[in-house]
Amino acid sequence: PRVTISDNTSEVFCVRLSPDGKFLAAGCGDGGIRVFNVSNGKIAYTLEGGSNIALPTTAIRFRPVTASTRTKNVFLAANAAGSVQHWHMTSGKCLHSFEDEGNQVYALDYNEEGTKFVTAGKDTAVRIYDEATKSNIVTMRGGIGYSVKTTPGHSNRIFSAKYTNDENVVISGGWDNTIQIWDIRAGHAVRSIYG
């Protein structure tokens, strides 16, 4: 059946379905996140206040539901102010938030187990975090601090980041018309695809 999503007062920058397919989270231009009930299109939850700056929410990813996941209905959200937030959808609470100062975060993703997540954005770096401690494991760049001839990497904003089936490999795409393949063990991009 066709359902019209309604009652949204702001532009939508990104969307993501919940793992059970019952909710659609929309990241909005005013910094808020509206969660819609997929069956009727009505707003089920409105999440606001995780950041002091009301810049667009640019990326949302639900944490995978695994046997080790204690809290359900948790997702990551990032915004153009460089904030990365852990939200609990049903309570509407921001569980954790940190700022990546001087950066705008446009992309994030979880590994399959939900034990790590990746962020990327304006500063062309790919950062890997531990989900339990929220600490940065590695920050990967290419061409800066490495030989541009031997280490690929982005030269402009990153708009997409995705974990592969191998938890040590992340793929990113950017405004520089490249796709980069990053190996966490190496600490940098290991291959570029241009065009």
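**Exercise 1.** In which sense do strand E6 and strand E7 pair, and over how many bridges?

*Solution.* The model is predicted, so local features need pLDDT of at least 70 and side-chain atom pairs count only at pLDDT 80 or more, whereas totals for chains, interfaces and linings use all residues. Residues are numbered from 1 along each chain as its sequence is written, and side-chain values use heavy atoms, with hydrogens and water left out. Strands are DSSP runs of E with at least two residues, numbered from the N terminus, and two of them pair if DSSP finds at least two bridges between them. Strand E6 (residues 74-79) and strand E7 (residues 83-88) meet this with five bridges, in the antiparallel sense. Within this pairing, phenylalanine 75 stands opposite tryptophan 87 in E7.

**Exercise 2.** Which parts does the pair of phenylalanine 62 and phenylalanine 75 tie together?

*Solution.* Rings of Phe, Tyr and Trp (its six-membered ring) pair if their centres lie within 6.5 Å, with planes under 30 degrees apart counted as stacked, over 60 as edge-to-face and the rest as tilted. By this rule there are seven aromatic pairs. Phenylalanine 62 and phenylalanine 75 form a tilted one, at 5.1 Å centre to centre and 55° between the planes. Because phenylalanine 62 lies in strand E5 and phenylalanine 75 in strand E6, the pair ties together parts that are 13 residues apart in sequence.

Technical notes. Helix = DSSP H or I, 4+ residues; strand = E, 2+ residues; numbered from the N terminus.
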